[in-house]
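Trainee: I would like to learn how to read side-chain features. Could you take me through them one at a time?

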Amino acid sequence: MPSQYKHDWIFSGLTFLAAFASAILLAPTARAEEPIQFAKDIAPIFQKHCVQCHTPGIEKGDISLATIVDLNENEYVSPGEPDASHLLEIISPDGDAPPEMPQEGPPLSAEQVALIRRWIAEGAAWPDDVVVRQLSKADQSWWALQVLSTKRPPAVEQAPNAWRVNPIDRFVFAKLAEKTLTPNPPADRRTLIRRATYDLLGLPPRPEEITAFVDDPQPHAYEKLIDRLLESPHYGERWGRHWLDVVRFGESNGFERNVIINDLWPFRDYVIRSLNDDKPFDQFVREHLAGDVIGAGNPEVEIGAAFLVCGPYDNVGNQDPVQLAQIRANTLDEIIRATGEAFLGLTVGCARCHDHKFDPVVQEDYYALYATFSGIRHGSRVLATPQAQTARAKKVGPLNARRAALTKQRDALNAAVMKRAGEKSAEYEKLWSREKVNRQGTEDKFPAVEARFVRLVSQGQDTNLGDTRNFGVDEFEAWSDEATPRNVALAANGGKASGASRVIKDYPGAYGPQLAIDGKTGRRFLATAGSLTIEFAAPTRINRVLFSSARGEDRPEHRKFIFVADYRIEVSPDGKTWTEVAHGRNRKPVSAAHRNKRLQALEITSEEQARLAELNRQIAAVAGEINAIPALPVAWVGSRVAADAKGPFHVFVGGNPQRQGNEVTPASLVVLKKTMPAYQLPADAPEAQRRQALADWMVDPKNPLTPRVLANRVWHYHFGVGIVDTPSDFGYMGGRPTHPELLDWLAANLLKNGWRLKPLHKQIMLSQTYRQSSEFREDAAKQDGDARLLWRFPPRRLEAEEIRDTVLAISGVLSDKMGGPGFRLYQYLQDNVATYVPLDVHGPETYRRAVYHQNARAARTDLMSDFDQPDCAFSTPRRAGTTTPLQALTMLNHQFTLDMAQALAERLQIETPEDPNQQIKRAYLLCYGREATAAEVSQCVAFIKEQSLPLLCRVLLNTSELIHIR
């Protein structure tokens, strides 16, 4: 029976205290004559003193006290015989010596030991439906799990009139008043437009926009400004970047191989488009979890489900079944963690190995999500409308039919040839007298011949017979015809090797021909043009060659040791005229396919050969026509594998897939069962139904976590820190809300506005809390140094993307192109693993918003990495902010800064020609959004005369004022 259907005893709060008090206070006198009840008398003792060390997933001493199973199997309890029970022995003191258990914490009291003794004496009854669980630090009464508060904003009669209008201000002012703090006065308009524009767009306001706002006499000028900014398409680019941080969006798969993903950008564009459209966030969440279900056939909705696979995953392809199961479990774990943290603010992943130690999340919760996501596989697939698929099928269908007909004729011809060849196979096989080629060493002897050159020419690869170009050789030896033979091909003996090879840009020579004559095995020459040529130091008589691709290897059959199947050995005196001295045509075939190929070549007539060539030509022509038809769009949205979702699913004891515990089925989290409606699906529920049920539960109006977490994220990005300062952890180990009533009011207001973010932005940004100055006050800072209570607007440094976008914007070169494949600030190199080499020069093709950069995991990019752009290997709900010398060095000396300084200088010369004073004033408006003072103009003009305008622009691009918002 699945564990969700059992009556799991999870003692907490008053329930535990009452049970424990009963066990201590009433025993052994008041209840001496009553039979022991395990759930009431014994379970609280085990829960308080034992299961923190002895529970599934921890099991110190290889024993769990969660159920009776381990006690019985390990003979710790002998029902009816307390003196024969090892459990009683280890919890009882031995004379003056303390008991062995518990090792952590005080020993059990005499009364508790007596209760356990009576329980064993009475038969050690332990009901099957009772599971003793360790108490988490937080229980169902935890603040974040409660329904949203309906508390009205406080009246704050003592507040200034302007602070009594917006409910946000009333909550904030009331909290300030508790600490006898007062807020700052309003910021000036120049400061406000710069703050708001960066906040919503991530770009500096244009000088003309600043002037228009500052000079606007309308009382609602600021509200109009916010409305205009919210309607800008750049809003989605800025706030889309925030969300991409949260959902760990990265365009490489991470882990050892870290291969680039070139078709995940449609998800990034979907996020930007959805935010610009102010799509209701409940719908946004549904599309993330089940977009391919609720929007089947609509690519603009289906792409939302790429959230599930936009994180890192291991695609090394381990063949060991145990390791393969572990990798699969790790892959689903990544999806579970991302989902729980992004939408619920719960670290559900901590319940993978055992019940969560801090939050009331049990293992069954975790594995219910495991069952829900079990059908998900990473990868690309066609993402097109049914109409587009039908239209292409109509074009491709007749061509496929024609190709099938031609292929049928070719197969019939081949079959006729092979039938005749089969009848003569015994005769033909007499031609193959020698052993087949051996990857660990293939030798050919021939009459001695003088040569300066020898070469190996492939006539077919052993794993792909039609491939005559690619093969590998770890060593090639050519032996002299003399009393003491020498390997004259060896580099140490003067040999030189040549031949086109596989090229790795960041590792020249990694597979070069020199590896075939270095006298070492392990590394191989990988030919790409079908031959390996060796030049001797001098003409030499040779009579034997030996070559291999897997010499000394334990698994020569591995696919990486590709070798020749058919070949010829040729010699030359001058490297121009060649003579064959040995070949592999008389060796036995390496496979059945190789045998058939040889039989066909021996039997086919010239007429049949011509007909076969013509059929192949026609088939290739049809294939060319098919390829000319544009392919349907493909995106990294993952696939759904029904076999993976079939189940049954179990709790993995200790997180180990090889230790299966109780059966589980797709279900909602028990952690919220007292707050909102729960669901549980049957074990055979379709994979699509599982994810849709989870999505609907996630955004149920009665779910208090999702709107709280979302409202807190919005607040976090406006003020630099959330009301809860751990945006993805609302549990015990997370921060506590500074303004809990305000957070609930924001969450409720979000629901009231249909889950739309733009009304929430506007409500926040119209508040006096947001509009106040960032001026520092020492008296207030003594009480609230981090301004968590918001007595001032918290100033901040621009984020990495904002800095780069700002430099491009004020230099006048920022492209307005939106969407599509991203650009790269690195050179991408790939062999078995990928390498990302930062570019020293950033060309005009990179002058786009940084949100469109193709961010790869563990890939450093100059400037942005220096300014704390996070590695997308993990979700980043809150960015780090560091100050390092490297930031200054990069901004001062990188070629990007030099190019942008030149571009800014050229812009100033065009907009304010031949007037240094006006150039300075224009530069200050562009960079800082303010007028330059007379002293600044004078100093800068003098600097230009002494140095140059581009050098001044370089200085301006390196100022703190440029990259700070107040």
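Trainee: Which residue forms a salt bridge with E477?

Mentor: Start with the general idea. Side chains of opposite charge can pair when their charged atoms come close. The rule here asks for a side-chain nitrogen of Lys or Arg within 4 Å of a carboxyl oxygen of Asp or Glu. E477 pairs with R551, and their closest N and O atoms are 2.7 Å apart. E477 lies in strand β5 (residues 475-480) and R551 in the loop between β8 (531-548) and β9 (567-572), so the pair ties together parts that are 74 residues apart in sequence. Helices (H or I, at least four residues) and strands (E, at least two) are DSSP runs, numbered from the N terminus.

Trainee: What should I know about the model itself?

Mentor: This is a predicted model: local features need pLDDT of at least 70, side-chain atom pairs count only at pLDDT 80 or more, and totals for chains, interfaces and linings use all residues. Residues are numbered from 1 along each chain as its sequence is written, and side-chain values use heavy atoms, with hydrogens and water left out.

Trainee: Are E477 and R551 buried or exposed?

Mentor: Both are buried. Buried means under 20% relative accessible area, exposed over 50%, and partly exposed in between (1.4 Å probe, protein chains only).

Trainee: How many salt bridges are there by this rule?

Mentor: The count comes to 64. One of them joins the side chains of R691 and D292, at 2.9 Å from N to O. R691 lies in helix α20 (residues 687-698) and D292 in helix α12, so this pair ties together parts that are 399 residues apart in sequence. R691 and D292 are both buried. Now take R585 and E580, whose side chains meet in a salt bridge at 2.9 Å, N to O. R585 is partly exposed, at 38% relative accessibility. E580 is partly exposed too, at 34%.

Trainee: Which residues are linked in a network of salt bridges?

Mentor: The network links R238, R241, D245, R796, E799, E801, E802 and R879. Keep E801 and R879 in mind for Q869. Leaving aside neighbours within four places in sequence, Q869 is in contact with A800, E801, N855, T861, M864 and R879. Contact means heavy atoms within 4.5 Å. Q869 and E801 are 68 residues apart in sequence, yet their C-alpha atoms are 7.5 Å apart in space. Q869 sits in the loop between β17 (834-838) and α27 (885-893). Q869 is buried, at 12% relative accessible area.

Trainee: How many residues has the largest nonpolar core?

Mentor: In soluble globular proteins, nonpolar side chains tend to be buried together. A nonpolar core is a set of buried Ala, Val, Leu, Ile, Met, Phe, Trp, Tyr and Cys residues joined through side-chain atoms within 4.5 Å. The largest here has 166 residues, and F267, L289, F373 and L746 have the most contacts inside it. Look at F373. Not counting residues up to four places away in sequence, F373 touches L289, L308, L332, I335, I336, T339, R691 and L694. Apart from this core lies another, of 29 residues, among them F38, L65, I68 and L115.

Trainee: How many aromatic pairs does the structure hold?

Mentor: A pair of aromatic rings is described by the distance of the centres and the angle of the planes. Rings of Phe, Tyr and Trp (its six-membered ring) pair if their centres lie within 6.5 Å; planes under 30 degrees apart count as stacked, over 60 as edge-to-face and the rest as tilted. The structure holds 41 such pairs. The rings of Y270 and F284 have centres 5.6 Å apart and planes at 25 degrees, so this pair is stacked. Y270 lies in helix α11 (residues 265-276) and F284 in helix α12 (residues 281-294), so the pair ties together parts that are 14 residues apart in sequence. Both Y270 and F284 are buried. Ring pairs also link W243, F249, F267, Y270, F281, F284, F307 and F343 into a cluster.

Trainee: How many disulfides does the structure hold?

Mentor: A disulfide is a covalent bond between the sulfur atoms of two cysteines. The cut-off is a pair of cysteine sulfur atoms within 2.5 Å. The structure holds zero disulfides. For C872, the nearest cysteine sulfur is that of C310, 9.5 Å away. C872 is buried, at 11% relative accessibility.
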